[in-house]
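Please open the model in your viewer and keep the selection tool at hand.

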Amino acid sequence: MPRTVSDGGEDLAGDDMSSWTGSRRRTDNTHGSYKVGFPPKKGAFAEFSDGVKETFFSDDPLRPFKDQPKSKKLWLGLQHVFPMLDWGRHYTLSKFKGDLIAGLTIASLCIPQDIGYAKLAGLLPAYGLYSSFVPPLIYALMGSSRDIAIGPVAVVSLLLGTLLQEEIDPVKNPYEYTSLAFTATFFAGLTQFALGFFRLGFIIEFLSHAAIVGFMAGAAITIALQQLKGFLGIAVFTKKSDIISVMKSVWGNVHHGWNWQTILIAASFLAFLLAAKYIAKKNKKLFWVSAIAPLISVIISTLCVYLTRADKQGVAIVKHIDQGINPASFHRIFFSGPNLMKGFRIGVVSGMVALTEAIAIGRTFAAMKDYQIDGNKEMVALGTMNIVGSFSSCYVATGSFSRSAVNYMAGCRTAISNVVMAIVVMLTLLLITPLFKYTPNAILASIIINAVLGLIDFEAAYLLWKVDKMDFVACLGAFFGVIFASVEYGLLIAVAISLGKILLQVTRPRTALLGNLPRTSIYRNVEQYTEATKVPGVLIVRVDSAIYFTNSNYVKERILRWLRDEEEQQEEQKLSKIEFLIVELSPVTDIDTSGIHALEELVKALEKRKIQLILANPGPIVIQKLRAAKFTELIGDDKIFLSVGEAVKMFAPKHENA
């Protein structure tokens with residue numbers, strides 16, 4: 001299928017191939033034009049090392065260490081592991097003012113959210129606060145993002161809670177359940193650290209943007225539905241997360257399970273939170289209204305419940321949050337026994353989702369402030385903080401988009417804003433957790449619903465529909481997988497669709513028929529440029545992908561199908577017979593032995609039709625491999641040209657001169 005977007009091609013007047021031919025250019029004295037150059041042949045080791053460097057070290061991380069004394073290298077190494085040592089030297093009071101305001105602002109947002117997210121994960125409220133104390137401190141020391149705010153997030157909390165509850169009942173075995181959560185957090189951190197340390201960060205790119213949009217929207221709806229238990233005051237609620245089970249549980253309790261006082265509290269404060277968010281959205285300077293609204297809601301609702309003793313009327317409250325900072329939890333991690341593999345499986349899945357979210361957030365805000373973040377360094381930082389967190393009673397923490405957005409708008413300058421937030425959380429744990437005793441669960445449900453609504457990106461979904469229907473299908477697949485099955489099935493569907501799209505594009509690359517733009521030497525896709533004319537007696541085909549074993553047979557068959565269609569059309573119109581097939585190889589970045597074998601079979605098929613194969617503009621890797629396989633000898637060096645225009649000039653001079 002031809003492209004429908006801007007096509008590549010060649011222009012004799014404009015193409016400059018010197019980027020790879022260099023001094024290897026050779027001049028054809030007969031035609032006065034350049035011929036395809038052959039790059040210097042590399043040894044096997046040099047070729048392998050170049051491939052490894054480009055795959056794993058494309059950012060050239062060792063470049064600053066070149067030609068430096070040992071003491072300088074040691075200091076640079078420490079700065080690489082702990083970026084704070086680099087930017088900390090230039091830290092000023094004005095920067096601290098921005099970080100202080102931002103840190104206090106996100107602390108007011110994170111405290112009520114953390115309590116709610118911990119309940120979403122099936123853990124006691126204190127564990128949410130613990131996870132916003134230790135991990136942000138580690139990240140501030142090792143992370144490279146200036147804007148990301150660290151702590152528990154809704155999607156990971158839901159995913160972790162769902163997976164944990166499939167293995168252990170948190171009501172019957174709360175101690176074992178919490179220990180499994182710490183084990184999963186340890187392996188989540190280990191996975192993240194390993195991906196960064198071994199520079200395998202490109203693995204997370206296999207989850208496409210379209211699948212992430214659908215997955216996040218589905219998770220947001222699932223989380224909101226889960227909050228109906230606290231929102232409506234239902235005591236007995238389903239443990240399943242799919243929409244059908246949840247709605248059955250909701251409507252099954254409508255006559256005797258709903259509590260009107262709870263609904264009044266939840267609905268009133270949800271309206272307040274949505275109004276605050278609307279005000280902040282309309283006026284960016286009032287971002288702080290939305291940021292402090294959750295804390296204000298918690299304070300007012302807690303005071304109301306305490307004064308009216310609504311807890312005696314069936315309004316569920318938090319009751320108790322352990323006072324004090326994080327207790328050690330290393331001894332609770334399962335390093336053996338049947339729960340080891342359970343923790344490993346849950347940790348890998350939740351760690352990958354957390355990593356994807358954090359990297360996406362970090363890149364977003366880095367682009368807005370025009371600075372770069374090191375993806376692999378971020379993974380090491382995130383992994384380290386979760387490993388340390390698992391030793392200090394934390395569950396999986398990552399970058400929060402809502403908090404990071406507030407952090408950005410509040411004027412944060414460095415990761416010190418995370419340190420300020422962590423200090424506030426620490427003071428909360430030490431001094432004021434008893435004050436949360438009468439906090440109603442309804443307000444936590446409202447805060448979470450308000451937070452997750454922002455994960456539903458209607459504009460992105462609509463853009464997917466307009467731009468790429470296949471992407472939209474991937475988005476819908478992930479979305480429906482989450483809401484009708486479960487979070488893990490939705491994630492699997494998202495990954496499967498993303499990989500399926502890659503396989504489809506690799507196995508079925510696009511090809512196009514090229515024609516000549518009148519009064520030029522430019523050849524372009526005839527479907528994109530309707531004025532482009534075909535060259536009599538010549539068929540020009542462009543292959544828009546590398547040719548590998550996965551698509552080599554398809555490419556050969558597709559070219560022959562173009563040829564058959566063209567021959568049939570010429571017979572009907574009684575035009576001149578095709579004598580030459582020109583294959584434009586500019587977009588073909590690589591070719592393997594299967595691809596070369598397919599070209600050899602194509603030559604044989606063309607010989608039966610008495611048609612000559614001409615190659616135009618093969619890249620350095622392609623021409624090198626074709627020469628090594630002696631394919632250039634098979635068709636002849638005189639059948640390889642720098643451009644389609646030169647090939648046409650050689651074999652159809654009348655058309656070229658027209």
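**Stop 1: a pocket lined by helices**

Begin by selecting helix H5 (93-120), helix H6 (125-130), helix H8 (154-167), helix H9 (174-197), helix H11 (228-232) and helix H19 (441-452); each contributes at least two residues to the lining of the second largest pocket. Helices (H or I, at least four residues) and strands (E, at least two) are DSSP runs, numbered from the N terminus. The model is predicted: local features need pLDDT of at least 70 and side-chain atom pairs count only at pLDDT 80 or more, while totals for chains, interfaces and linings use all residues. Residues are numbered from 1 along each chain as its sequence is written, and side-chain values use heavy atoms, with hydrogens and water left out.

The space in this second largest pocket amounts to about 1200 Å³. Of its 40 lining residues, those closest to the centre are Lys-119, Leu-120, Gly-122, Gln-165 and Lys-229. A pocket is an open set of points on a 1 Å grid over the protein atoms alone, where a 1.4 Å probe fits, with protein on both sides within 12 Å along at least five of seven lines; lining residues have an atom within 4 Å of a point. Grid points are joined across faces, edges and corners, and the volume is the space filled by probe spheres set on them.

**Stop 2: strand E7**

Next, select strand E7 (residues 538-543), in which 6 of 6 residues are buried (under 20% relative accessible area; exposed is over 50% and partly exposed in between, with a 1.4 Å probe and protein chains only). In a regular strand, side chains alternate between the two faces of the sheet. Here Val-538, Ile-540 and Arg-542 lie on one side and Leu-539, Val-541 and Val-543 on the other, and all are buried.

Which strand runs antiparallel to E7? It is strand E5 (residues 511-516), joined to E7 by 3 bridges; two strands pair if DSSP finds at least two bridges between them. Ala-512 has Arg-542 as its bridge partner in E7.

**Stop 3**

The partner of Val-538 in E8 is Phe-580.

Strand E9 (residues 612-616) is largely enclosed by the rest of the structure, because 4 of its 5 residues are buried. E8 and E9 run parallel, joined by 5 bridges, and Phe-580 stands opposite Gln-612 in E9. With helix H24 (residues 593-608), E8 and E9 form a right-handed β-α-β unit. Strand E10 (residues 640-641) pairs with E9 in the parallel sense over 2 bridges, with Leu-615 opposite Ile-640.

**Stop 4: aromatic rings**

Finally, display the aromatic side chains: there are 20 aromatic pairs, for which ring centres of Phe, Tyr and Trp (its six-membered ring) lie within 6.5 Å, with planes under 30 degrees apart counted as stacked, over 60 as edge-to-face and the rest as tilted. Phe-580 and Phe-651 make a tilted pair, 4.7 Å centre to centre with 40° between the planes. This pair links distant parts of the chain, with Phe-580 in E8 and Phe-651 in helix H27 (residues 644-651), 71 residues apart.

Key. A crossover is right-handed if, with the strands pointing away from the viewer, the path from the first strand over the helix to the second runs clockwise.
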